Amino acid sequence: MKVIELLNQAIENKTTHFSFELLPPLRGNSIYKVFNTIDKLKEFDPKYINITAHRDEVVFTESESGLIEKKITRKRPGTVAVAAAIKNEYKITVVPHVICSGFTPEETENALLDLNFLGIYDLLLLRGDSSSRHAFISSEGEHKYAIDLINQVNKINKGGFLDGTHVEPFATPFSFGTAGYPEKHEEAPNIDSDIYWLKKKVDAGAEYIVTQMFFDNQKFFDFVKKVRDAGITVPVVPGIKPISALSQLTVLPQIFKTDIPEALAAEVRKCKTNDEVKQVGIEWGIQQGKELIQHGVPSLHFYTLMASDCVKEIAKAIY
């Protein structure tokens, strides 16, 4: 089943599915790093698994002569391959991320063709991090916004290709979701403007919304109300990230522009070790998850990076 079908099923049955997001392993590492995480969480019947996409970036390394050398690398290649491996090994719906940043439209088209050959029809379409603020490499002609990527997927669903050729539309068209930001995207001037552009993406074909991580459920509830008031009716899936390290008290707000409530921050500050932080994160995640389920969300979507053990403990308590 496609993700939108799974979400609609959950809404109809008044239940909440479990899903999570994985990163491809670092260059040179085994696929079994991914499988180990799935094995840890598969007892909770994940309905779908997302796989992030990554672009080339600049890294600086010290040469044998002691000089600092600039290199361009992609630390986590293999989104399409990882999606195919998971689908083959576990027969679970997989959702590879497709991003604008760092990929030409031609590279995107080739990836979509590969996914179609593999029988993978669910996508999450995202802009990706901006190279203007990160050490990333831009690609000539890359799409600037997620809406441009959506338009390309819509075109290929109808059999249209970049070189102007047209073929019969795919027997199974791609289905896709998009991202939402309960605390607004960092570049949006305000939340209402952010939702204006979110509606543009939904009107263009995004069938559901997955949110950025948040730690205050009220911000999610307020976001959903604004989304509904704007006329957006598609399912909204909350993204959950358990805090699992002392450093995340500052790193997560810095990178993801999300607030950490003082009640949570105060408990983390009391911790002396990361093991203590993980326990705080688990307890907060259980509290978040139970309240979200009571409000009828169709799925809880967990970000597992550095937190798969925490996600397991949270899922054990609420599923």
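What follows is a chat about pockets, cavities, strands, a helix and some single residues.

Me: Before we start, what am I looking at?
Reply: This is a predicted model, where local features need pLDDT of at least 70 and side-chain atom pairs count only at pLDDT 80 or more, while totals for chains, interfaces and linings use all residues. Residues are numbered from 1 along each chain as its sequence is written, and side-chain values use heavy atoms, with hydrogens and water left out.

Me: Which residues lie nearest its centre?
Reply: Lys33, Thr37, Thr304, Leu305 and Met306, out of 20 lining residues. Lining residues have an atom within 4 Å of a point.

Me: And which element gives the most to that lining?
Reply: Helix α2, with four residues. At least two residues each come from β1 (17-22), α2 (32-41) and α11 (308-318). Helices (H or I, at least four residues) and strands (E, at least two) are DSSP runs, numbered from the N terminus.

Me: Now α2 itself: which of its residues are buried?
Reply: Val34, Phe35, Thr37, Ile38 and Leu41 are buried in α2. They sit on the same side of α2, because they cover an arc of only 160° around the axis. That arc is taken over the directions from the helix axis to the C-beta atoms. Buried means under 20% relative accessible area, exposed over 50%, and partly exposed in between (1.4 Å probe, protein chains only).

Me: What covers them?
Reply: The cover includes β1, β2 (46-51), α3 (79-90) and α11. Contact means heavy atoms within 4.5 Å.

Me: Since β1 came up, why does Ser19 count as buried?
Reply: Ser19 lies in strand β1, and it counts as buried because its relative accessibility is 0%. Not counting residues up to four places away in sequence, Ser19 touches Tyr48, Ser299, Leu300, His301 and Phe302.

Me: Switching to cavities, how many of 30 Å³ or more does a search of the whole structure find?
Reply: Two. A cavity is a set of points where a 1.4 Å probe fits but cannot get out.

Me: What lines the largest cavity?
Reply: Its lining includes Phe215, Ile240, Trp284 and Gln288. Helix α10 (residues 274-294) provides the largest share, four residues. By class, the lining has six nonpolar, three polar and one charged residues.

Me: And the second largest cavity, what lines that one?
Reply: Glu109, Gln152, Lys155, Ile156, Gly160, Phe161 and Leu162. Helix α5 (residues 146-157) gives the most, with three residues.

Me: On to strands. How many residues of β7 are buried?
Reply: Six of the six residues in β7 (residues 175-180). Three bridges join β7 to β6 (residues 122-126), running parallel, and three bridges join β7 to β8 (residues 209-213), also parallel. Two strands pair if DSSP finds at least two bridges between them.

Me: Which residue in β7 is the bridge partner of Leu124?
Reply: Gly177. Leu124 is found in β6 and counts as buried, at 4% relative accessibility. Among its contacts beyond four places in sequence are Asn50, Val95, Gly177 and Val210.

Me: Last topic: which way does phi go at Lys14, positive or negative?
Reply: Positive, near 55°. Most residues other than glycine have a negative phi. Lys14 is in the loop between α1 (3-13) and β1 and is exposed, with a relative accessible area of 80%.

Me: And what is phi at Lys184?
Reply: Phi of Lys184 is positive too, about 75°. Lys184 is in the loop between β7 and α6 (191-203), and it is partly exposed, at 25% relative accessibility.

Note on methods:
On a 1 Å grid over the protein atoms alone, a cavity is a set of points where a 1.4 Å probe fits but cannot get out, and a pocket is an open set with protein on both sides within 12 Å along at least five of seven lines; lining residues have an atom within 4 Å of a point. Grid points are joined across faces, edges and corners, and a volume is the space filled by probe spheres set on the points. Ala, Val, Leu, Ile, Met, Phe, Trp, Tyr, Cys and Pro count as nonpolar, Asp, Glu, Lys and Arg as charged, and the others, Gly among them, as polar.
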